Amino acid sequence: MSDAVSRPTLEAVAARAGVSRATVSRVVNGGDGVREPLVERVRRAVEELGYVPNQAARSLVTRRHDAVAVVIAEPETRIFTDPFFALQLRGISKELTAHDNQLVLLLTEGRDDHARVARYLAGGHVDGALVFSLHLDDPLPGLIEGAGVPTVFGGRPGWSDGTDSAVYVDCDNRGGAEDAVRHLVGLGRTRIAHITGPLDQTSAADRLQGYRDVMGETDPRLVVASDFTPTGGERAMGELLDRCPDVDAVFAANDLTALGALRVLRERGRRVPEDVAVIGFDDVLPVAEQTEPPLTTVRQDIEEMGRLMARLLLSTLARGGPATGAPSSVVLPTTLIRRATA
């Protein structure tokens with residue numbers, strides 16, 4: 001017997017529940033105006049028959065696709081090697097799954113992909129978008145706005161257009177950096193360096209500002225730019241030791257950067273924390289607990305940030321879109337996690 005013949009129909013559900021086809025349609029598609037006893041009869045019939053609604057027909061009624069695009073503005077090589085992205089995606093996926101929504105992952109390897117993503121979003125395939133890891137010169141915010149889909153951003157927006165109205169979820173990057181550097185100062189360290197992330201991202205810029213809030217005017221050679229990767233951390237740490245052999249502490253912009261810095265310190269014969277104390281940022285456990293020695297770091301709840309992004313977007317969609325009023329952005333607190341490196 002073919003699937004077309006064996007698959008339960010709307011009419012079969014109506015017959016089993018003893019109601020009209022229109023009543024079943026309203027219940028299945030989330031419509032109003034059906035008394036609760038009838039709703040329960042329809043739901044029981046749906047379960048007994050194993051009825052699965054036709055998504056295309058349902059979309060015509062509800063004008064919803066129950067799908068959300070997740071746009072990550074980073075190369076694939078970084079997305080699949082940095083555990084930060086896995087944690088954020090896990091939080092997003094859990095929240096969307098709990099509300100019976102599908103996650104559609106869109107990656108932007110380079111500028112050529114931006115128009116493709118914008119066309120997809122404007123094509124009515126998804127109800128909204130979650131976008132993170134943007135850079136300051138990224139055209140994606142403008143393209144997404146042009147696509148007209150409700151959007152929540154991961155990270156404080158830093159572009160000039162639309163910053164005031166954009167809804168986002170972030171952690172207190174600046175405050176977390178201040179806590180890390182104050183801890184190093186409290187340990188009696190005086191030559192405290194900072195290895196930054198990419199400064200065209202607001203998270204890295206805010207962490208640099210937090211470092212400067214505590215350190216004030218300091219030797220500019222103690223700040224080295226990097227890129228949130230272990231390789232970048234290795235390069236920057238080597239440069240720091242060449243510039244400032246007397247460095248006695250390092251605040252790294254993320255855990256992967258700290259991982260690279262620790263490798264170079266070990267190669268150069270510097271003891272951690274006796275000679276050089278090290279603090280990271282993120283508290284990505286596969287990294288922070290497995291470094292040698294275990295990494296002191298600033299914890300941000302990455303999975304919860306992803307969950308909140310999805311929750312804010314779904315609440316916007318439930319209210320009928322941004323025109324009915326956007327939710328407030330959320331900034332989560334950070335916590336200094338003390339382990340062995342500082």
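Helices and strands here are DSSP runs, H or I of at least four residues for helices and E of at least two for strands, numbered from the N terminus. This is a predicted model, in which local features need pLDDT of at least 70 and side-chain atom pairs count only at pLDDT 80 or more, while totals for chains, interfaces and linings use all residues. Residues are numbered from 1 along each chain as its sequence is written, and side-chain values use heavy atoms, with hydrogens and water left out.

H11 covers residues 202-215, and its end C-alpha atoms are 20 Å apart, which agrees with the 20 Å that 14 residues should span at 1.5 Å a residue; the expected span is 1.5 Å times one less than the number of residues. Just past the helix, Gly216 has a positive phi of about 65 degrees.

## The chain as a whole

Stepping back, the chain has 15 helices and 12 strands. Its C-alpha trace spans about 80 × 40 × 35 Å along the principal axes. Of its 342 residues, 51% count as buried.

Leaving aside residues up to four places away in sequence, Ile195 touches Val224, Ser226, Gly233, Ala236, Met237, Leu240, Val250, Phe251, Ala252, Ala253, Thr257 and Ala261. For a sense of distance, Ile195 and Arg311 are 116 residues apart in sequence, and their C-alpha atoms are 33 Å apart in space.

Helix H7 (residues 83-98) has 16 residues and reaches 23 Å from its first C-alpha to its last, close to the 22 Å expected at 1.5 Å a residue. Its buried residues are Phe84, Phe85, Leu87, Gln88, Leu89, Gly91, Ile92, Glu95 and Leu96. Among the elements covering them are S1, helix H6 (76-79), S2, S3, strand S9 (277-282) and helix H15 (302-318).

Helix H8 (residues 112-122) buries Asp113, His114, Val117, Ala118 and Leu121. Looking down the axis of H8, these residues fall within an arc of 140 degrees, so they line one face of the helix; the arc is taken from the directions from the helix axis to the C-beta atoms. An α-helix has 3.6 residues a turn, so residues three or four places apart point the same way. The buried residues of H8 pack against strand S1 (67-72), strand S2 (102-107), strand S3 (128-132) and helix H9 (140-147). On the face turned away from the buried side sit the exposed residues Asp112 and Arg119. H8 is followed by Gly124, with a positive phi near 80 degrees.

## Where H3 crosses H4

The axes of helix H3 (residues 21-28) and helix H4 (residues 36-49) come within 10 Å and cross at roughly 85 degrees. The axes are lines fitted to C-alpha atoms over the stretch in contact, with angles running from 0 to 180 degrees between N-to-C directions. H3 and H4 are therefore roughly perpendicular to each other, the class for 65 to 115 degrees; angles under 35 count as roughly parallel, over 145 as roughly antiparallel, and the rest as oblique.

H3 contributes Thr23, Val24, Val27 and Val28 to the contact, and H4 contributes Val39, Val42, Arg43 and Val46. By class, that makes 6 nonpolar, 1 polar and 1 charged residues. Nonpolar covers Ala, Val, Leu, Ile, Met, Phe, Trp, Tyr, Cys and Pro, charged covers Asp, Glu, Lys and Arg, and the others, Gly among them, count as polar.

## Backbone details to check

Two cis peptide bonds deserve a look. The bond from Val272 to Pro273 is cis, with omega near 10 degrees, and Pro273 is in the loop between helix H13 (255-267) and S9. The bond from Glu292 to Pro293 is also cis, with omega near -5 degrees; Pro293 lies in the loop between helix H14 (285-288) and strand S10 (296-299).

Positive phi values also turn up outside glycine. Asp100 has phi near 60 degrees and is found in the loop between H7 and S2, where its 59% relative accessibility makes it exposed. Ser133, with phi near 65 degrees, lies in the loop between S3 and H9 and is buried, at a relative accessible area of 12%.

Methods. Buried means under 20% relative accessible area, exposed over 50%, partly exposed in between (1.4 Å probe, protein chains only). Contact means heavy atoms within 4.5 Å.
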